[in-house]
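Take a look at the sequence and the model first, then read on.

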Amino acid sequence: MTDVPADAAAQKLPLRTSTEIQGDILAGFRKDHENVVLLRFPDDAVSVRKWLAKLIPQLATTLQVAAFNTEFSTARHNLAGTDPIGLKATWVNLSLTYPGLKFLMGSEPFPDQTIPTVEAFVQGGFARAAINGDEGDSAPERWLFGKPDQPVHAVLTVASDSPQLLEVRAAELRVAAARAGLTVVFEQVGATLPGERSGHEHFGFKDGISQPGVDGFDRPDPQHPEQVAGKPGTRIIPAGDFVLGFPRKAGDPLPLPEWTKNGSFQVVRRLAQDVPAWWAQVEAARKKLEQEQVALPPDSGAEWVAARAVGRWRSGASVAHNPNAEPPVKPGAPDDNLISYADDPDGHTTPVFAHIRKTNPRDHFEPGHVVADTRRIMRRGIPYGEPFDPASGAGHGPDADRGLVFIAYMSDLAGQFEFLQQAWINNVGFPPGKDAGTDPVIGKDSDVTLKLDSKPEGTRLHFAQFVRTEGTIYAFAPSISTLRTLAGA
Ligand code: N7H
């Protein structure tokens, strides 16, 4: 008997059927409700291993999450863009911090700690605060979690379509953890904003548009194989930039131990957003442009200035394609993500300081996007807190807690997340020679230079930082088989 050929699609996209890689990394939970639970282990390793052994069968794999997401998208398409009511799932993933991993392994997990991603992971988010620009209001001593006196060993990422199902699952997980002697150090609930704000972050902009496509997971477009089919501008990046053990854009897989294969480094940050203050400074910037009599398109108000800061309008439409005004939303149209900066080297249309240009300069340096593609991260964030809307009463005012639960996966903490923070977002000199300033959405206080065709020498505008770091955890989401080994060790 000859071998039965495996499904052709699965052969070409083998990562879609991975039962090794945890589900949030490549497929993405994509849920409206999420809870990130930070756990501390007791001294009793036997008890922690028993807890882990019981948890493993409950962890969502890429196979499960990718299949669900496909079914959900198909149903949504058939329902003219509304959510299929009966199709719900609740997913759980587990990652371990360096102390957690070392405890379960019972020995040093990484023989070579000179590898930059290992060095960052071993030191953890608290020790790396200066690299990430966490100072002043964001200083790690002020954090709500991630400080040395509140050790975190494990991170549970729980996500669901319904807040009730999420809470039921979280409660079960809390009980199981408590029985084994684990303590909940911190919990951060996140939720998609309600109504028309759904899919938007607290400043008001649509989020989750530009993600890397992944080789072996996303189907390439037959005409443009460097992009994902049906998603113009979503470039396909080698899997090794997000999952250990695979080739990377920069070359060979990172030389990490075999047990890291199919795992991914995870960054969890709570980023508080001061919405009224950020918009007030956008208005102040608009006023300065008016005072200096800079010629702007007709009816340009604060929204026009804010769109320059982000690089997109609230709806997600790019400034690159819609420089003067926000276009009407076209239902069913693909995301506006086929963006080039090649004809806009000085940022007269999309400023070089714009958040989406700082964090992904695309073809700013060369047509092949090489510089930008080696620094991509898989973003899995979700807002927390109620929208800023003082008229809606308690919880909606300026002092209520709100922001972004920033979650990202990558293979190189130092070369991807930390590099973005240090070399691009907070670097006034990036991109070089443009007098750019820092990122006006998340970067440190600085002056940016807004250059326009009408005033190419630029206008200096001040942007202070109204996104505050309130905690950072570096963790590693191991493969299912590595977790099994850890549970049985
Ligand atoms: Fe950003 N924002 O509201 O302006 N982000 N971000 N981000 N971000 C993006 O394309 C935002 C943060 C990236 O490929 C959009 O999905 C806010 C950190 C990257 O074109 C919007 C916070 C880091 C991209 C925001 C925040 C990044 C991106 C446009 C914090 C990395 C894709 C929608 C509170 C360290 C760029 C989209 C590309 C897009 C906002 C944080 C990175 C609207 C409010 C910390 C790589």
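This is a predicted model: local features need pLDDT of at least 70, side-chain atom pairs count only at pLDDT 80 or more; totals for chains, interfaces and linings use all residues.

If you want to find His355 on the chain, look in helix α10, which covers residues 355-359.

## Around the ligand

There are 28 residues around the ligand, and those that come nearest are Ile209, Ser210, His355, Arg362 and Arg379. Sorted by class, the shell has 14 nonpolar residues, with seven polar and seven charged ones making up the rest.

Now for the ligand's oxygen atoms. Ser210 puts a polar side-chain atom 2.5 Å from a ligand oxygen, and Asn360 has one 2.8 Å from a ligand oxygen. Gly208 uses its backbone instead, with an N or O atom 3.0 Å from an oxygen of the ligand. As for whole elements, β8 (264-273), α10, β11 (403-410) and α12 (414-425) are the ones that each give two or more residues to this shell.

## A look at helix α6

Which residues of α6 are buried? They are Thr117, Val118, Ala120, Phe121, Gly124 and Gly125. Looking down the axis of α6, you'd see these buried residues fall within an arc of 155 degrees, so they line one face of the helix. As a rule, an α-helix has 3.6 residues a turn, so residues three or four places apart point the same way.

Methods
Residues are numbered from 1 along each chain as its sequence is written. Side-chain values use heavy atoms; hydrogens and water are left out. Helices (H or I, at least four residues) and strands (E, at least two) are DSSP runs, numbered from the N terminus. A residue is near a molecule or strand if one of its heavy atoms lies within 4 Å of it. A polar contact is a pair of N or O atoms within 3.5 Å; within protein, one must be able to donate a hydrogen and the other to accept it, and residues adjacent in sequence count only if both atoms are side-chain atoms. Ala, Val, Leu, Ile, Met, Phe, Trp, Tyr, Cys and Pro count as nonpolar, Asp, Glu, Lys and Arg as charged, and the others, Gly among them, as polar. Buried means under 20% relative accessible area, exposed over 50%, partly exposed in between (1.4 Å probe, protein chains only). The arc is that of the directions from the helix axis to the C-beta atoms.
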